[in-house]
Amino acid sequence: MSHQQLGRRPARPEPTPPPPDDARPARFVGWLGGFGCVAAGYAVFQSLVGVLPDAISPDAARYGIAAVSGVGTGVAAWLSAALLRARSQAGGADAGPVPARGAGDAAPPAAPGPFPALAAAAYATLREELAEVDDPERGPLTGWPHALDEQTRPVLPTPTGTAYGLHLVLELGERDGRLSPSRLVETLWRLRLPDGGWAARSQGSVPRPEVTALVLGALARAGADPARLADEAARCAARFTPDLEPSGLARTHVVTTVLRGLLRAAPDAPAIARLRAELVDRTITDPEREHRRCWGASLRVPAGHVTRPSPAHTAQAVVALDRAARVLGEDANARAAREDGVRWLLSCPVPAHDTCADLRGAQEEVRRPHPQVVWRQEVLYVRHFTAAWMVRALLTPGAWEIAADEGREEAWRALVTSAVAGVLGQQRDGIWHWDGHDLGRPLWMTYQGLSALRAHAVWMYQPEA
């Protein structure tokens with residue numbers, strides 16, 4: 001009983017209204033079936049014997065027609081009565097009229113989906129795992145390391161972990177002030193390298209474009225100083241050239257990450273058009289999928305080498321090109337490359353996507369010359385949450401337009417549904433897990449999983465009329 005009903009006097013029962021006109025035939029069939037199938041059939045048999053004309057001869061014909069009609073009536077009565085009983089037991093719409101809700105009665109609440117509880121659990125874990133230290137060189141730092149299962153103590157905030165943590169806080173919304181975006185922004189500026197830019201913990205003291213672009217994107221989303229962001233974005237773009245950064249420009253992941261970061265931090269940067277052209281001009285074709293253009297892990301392949309098509313990298317390129325198109329517009333070539341990437345994703349040959357390779361996580365290595373030791377290499381291990389990237393790529397407006405225009409709505413729905421299920425299945429208590437590896441709870445994965453589910457929830461929302 002609700003609080004509105006407490007203390008009320010029981011209402012006087014109102015007389016039962018007569019059944020509507022469309023319910024009377026059903027009542028009659030039920031009444032007929034109540035006599036039993038045999039009784040109904042026999043009644044029809046006797047009636048037909050009495051009314052069939054004597055001209056029908058011999059008598060066997062008259063009795064034959066009556067018998068067949070009686071059996072048919074009996075079967076029809078039995079089936080109709082059984083159908084009515086089944087509907088009544090199932091509580092279907094035909095079982096009876098739905099009582100009207102009074103003006104003061106509250107509407108029955110719809111069952112909530114998993115996202116609210118999932119988001120609340122993620123926020124609670126972020127709050128518990130927040131690292132707050134006083135660094136003697138940089139001052140007070142507030143943020144997170146790369147992953148939530150770091151074994152090294154004390155736990156120190158890193159640019160990558162704190163940038164993704166800031167993205168998460170903004171995605172979840174500032175609920176109670178305990179996770180302050182302003183403190184995270186200050187920490188990211190304090191983690192900036194002396195000559196500008198940011199680098200991952202394993203990359204040392206040389207700024208790297210993919211980490212710098214990630215941090216700049218998070219800072220821009222949090223409302224950092226536009227002039228300061230533009231200055232850092234210009235430094236990042238100036239370093240991201242074939243002469244200074246050949247390894248980065250050769251990787252789809254690095255180019256798309258820088259492109260997305262610059263679009264957020266400095267949408268007027270001239271480098272955006274250059275990086276988009278880099279993506280568009282270095283597609284590959286897949287003969288197994290109607291020779292559609294797509295992307296692999298490598299953009300600049302040495303002579304004699306072949307790069308294989310990659311769902312994760314194709315989805316990343318589609319997302320980056322879609323965002324660039326909204327900022328810059330696009331010419332026919334850029335549009336064709338983006339749309340072909342979507343078609344390639346929709347052309348997965350496996351009918352059941354739950355276990356297909358197109359949603360399987362991937363991993364790559366970005367190798368660069370070591371900045372101090374010439375005979376060594378700097379190696380950055382990158383993992384790709386393919387299912388989350390697939391959701392983000394297929395939920396771009398351009399992807400849905402292609403599916404709708406070309407009659408691929410069913411393929412689009414099937415792939416999105418399986419990708420969302422794959423994303424949801426890799427989290428526990430609001431935190432995503434990369435199982436079977438050290439640092440198995442990376443913050444970047446939680447951000448990508450949570451943002452993919454939120455984008456799907458927003459996309460699928462249908463307001464009640």
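Me: What makes Arg183 and Glu132 a salt bridge?
Reply: In this predicted model, the closest N and O atoms of Arg183 and Glu132 are 2.7 Å apart. The cut-off for a salt bridge is a side-chain nitrogen of Lys or Arg within 4 Å of a carboxyl oxygen of Asp or Glu, so the pair of Arg183 and Glu132 counts as one.

Me: Why is this pair said to link distant parts of the chain?
Reply: Arg183 is in helix H6 (residues 181-190) and Glu132 is in strand E1 (residues 131-135). The two residues are 51 residues apart.

Me: How many salt bridges does the structure hold?
Reply: There are 31 salt bridges in the structure. One of them joins the side chains of Glu290 and Arg292, at 3.1 Å from N to O. Another joins Arg343 and Asp340, at 3.5 Å from N to O.

Me: Where do Arg343 and Asp340 lie?
Reply: Both are in helix H13 (residues 332-346). They are three residues apart, which is about one turn of the helix.

Me: What makes Arg343 and Asp340 buried?
Reply: The relative accessibility is 13% for Arg343 and 12% for Asp340. Buried means under 20%, so Arg343 counts as buried and so does Asp340.

Me: Which residues are linked in a network of salt bridges?
Reply: The network holds Glu290, Arg292, Glu330, Arg335, Arg338, Glu339, Asp340, Arg343, Glu406 and Arg408. The pair of Glu290 and Arg292 described above belongs to it, as does the pair of Arg343 and Asp340.

Me: What is phi of His291, and where is the residue?
Reply: His291 has a positive phi of about 55° although it is not a glycine. Its place is in the loop between E3 and E4.

Me: Why is His291 called exposed?
Reply: The relative accessible area of His291 is 52%. Exposed means over 50%, so His291 counts as exposed.

Me: Why are helices H5 and H17 called roughly parallel?
Reply: Helix H5 (residues 159-172) and helix H17 (residues 443-460) pack at an angle of about 25°, with their axes 9 Å apart. Angles under 35 degrees count as roughly parallel, so H5 and H17 are roughly parallel to each other. H5 passes H17 in a left-handed crossing.

Me: Which residues of H5 and H17 meet?
Reply: From H5 come Gly161, Tyr164, His167, Leu168, Glu171 and Leu172. From H17 come Leu443, Trp444, Thr446, Tyr447, Gln448, Leu450, Ser451 and Arg454. By class, this contact has seven nonpolar, five polar and two charged residues.

Me: Which residues make the contact of H16 with H17?
Reply: H16 gives Trp412, Val416, Val420, Val423 and Leu424, while H17 gives Gly449, Leu453, His456 and Trp459. By class, there are seven nonpolar, two polar and no charged residues.

Me: What does the chain come to in secondary structure, and how much of it is buried?
Reply: The chain has 17 helices and eight strands. Of its 465 residues, 44% count as buried.

Definitions and conventions. Residues are numbered from 1 along each chain as its sequence is written. This is a predicted model: local features need pLDDT of at least 70, side-chain atom pairs count only at pLDDT 80 or more; totals for chains, interfaces and linings use all residues. Side-chain values use heavy atoms; hydrogens and water are left out. Axes are lines fitted to C-alpha atoms, for helices over the stretch in contact, and angles run from 0 to 180 degrees between N-to-C directions. Helices (H or I, at least four residues) and strands (E, at least two) are DSSP runs, numbered from the N terminus. Angles under 35 degrees count as roughly parallel, over 145 as roughly antiparallel, 65 to 115 as roughly perpendicular and the rest as oblique. A crossing is left-handed if the near helix is turned anticlockwise from the far one by less than a right angle, and right-handed if clockwise. Contact means heavy atoms within 4.5 Å. Ala, Val, Leu, Ile, Met, Phe, Trp, Tyr, Cys and Pro count as nonpolar, Asp, Glu, Lys and Arg as charged, and the others, Gly among them, as polar. Buried means under 20% relative accessible area, exposed over 50%, partly exposed in between (1.4 Å probe, protein chains only).
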